[in-house]
Amino acid sequence: KPRVELFVKSFQSGRSRVMCPNIDCGIDLALDALSCPKCDEPLPIGLRDDFLEVDVAHSGETWTEALDKLEAAIVVARAQRFKGLRVIHGIGRSRDDDAWEGPGRIRRESLNYLRQAAVDIEAQLMPEKHNRGAHLLIF
């Protein structure tokens with residue numbers, strides 16, 4: 001599989017530390033921890049206020065390459081406790097008339113994949129405000 005490039009962007013607080021959600025504990029936590037080592041509080045998936053961002057459409061990707069990026073980004077975002085995933089899929093303009101890839105294929109297929117992923121992992125898929133070329137998958 002190709003190397004997947006993922007970029008972190010903060011859309012909320014920009015908080016760089018993660019603390020235990022138990023108000024009686026509050027220690028700093030490793031982002032891949034499943035529970036707090038001090039109080040054993042189970043930790044939620046969306047522990048950070050940040051979204052992981054992945055662009056699957058603007059580096060000349062085929063749908064297969066875009067799918068590889070998308071799958072990897074979901075795994076990384078959940079493992080590192082991001083609030084969700086910001087997927088930039090573009091709006092579907094075509095540079096050529098390739099019938100197989102076609103204009104907007106990455107956008108269409110990405111949205112189909114994200115809708116099913118949202119059901120599978122009990123997340124919410126929302127269009128990004130003021131940007132038709134991106135969606136948010138919120139854990």
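1. The expected span of a helix is 1.5 Å times one less than its number of residues. In this predicted model, helix H1 covers residues 63–79, 17 residues in total, and extends 24 Å from its first C-alpha to its last, close to the 24 Å expected. After H1 comes Arg81, which has a positive phi, near 65°.

2. The buried residues of H1 are Trp63, Ala66, Asp68, Lys69, Leu70, Ala73, Ile74 and Ala77.

3. His89 lies in the loop between S3 and H2. This residue is classed as buried because its relative accessible area, 2%, is under the 20% cut-off. Beyond its neighbours within four places in sequence, His89 is in contact with residues including Val56, Ala57, Ile106, Arg107, Ser110 and Leu111. Arg132, Gly133, Ala134 and His135 are also among its contacts. With His135 there is a polar contact between the two side chains, at 2.8 Å.

4. The cysteines deserve a separate comment. A disulfide is a covalent bond between the sulfur atoms of two cysteines. A search of the whole structure returns 0 disulfides. For Cys20, the closest cysteine sulfur is that of Cys39, at 3.7 Å, which is too far for a bond because the cut-off is 2.5 Å. For Cys36, the closest cysteine sulfur belongs to Cys25, and their separation of 3.6 Å is likewise too far for a bond.

5. Cys20 counts as buried, at 6% relative accessibility. Cys36 also counts as buried, at 0%.

Definitions and conventions: Residues are numbered from 1 along each chain as its sequence is written. This is a predicted model: local features need pLDDT of at least 70, side-chain atom pairs count only at pLDDT 80 or more; totals for chains, interfaces and linings use all residues. Side-chain values use heavy atoms; hydrogens and water are left out. Helices (H or I, at least four residues) and strands (E, at least two) are DSSP runs, numbered from the N terminus. Buried means under 20% relative accessible area, exposed over 50%, partly exposed in between (1.4 Å probe, protein chains only). A polar contact is a pair of N or O atoms within 3.5 Å; within protein, one must be able to donate a hydrogen and the other to accept it, and residues adjacent in sequence count only if both atoms are side-chain atoms. Contact means heavy atoms within 4.5 Å.
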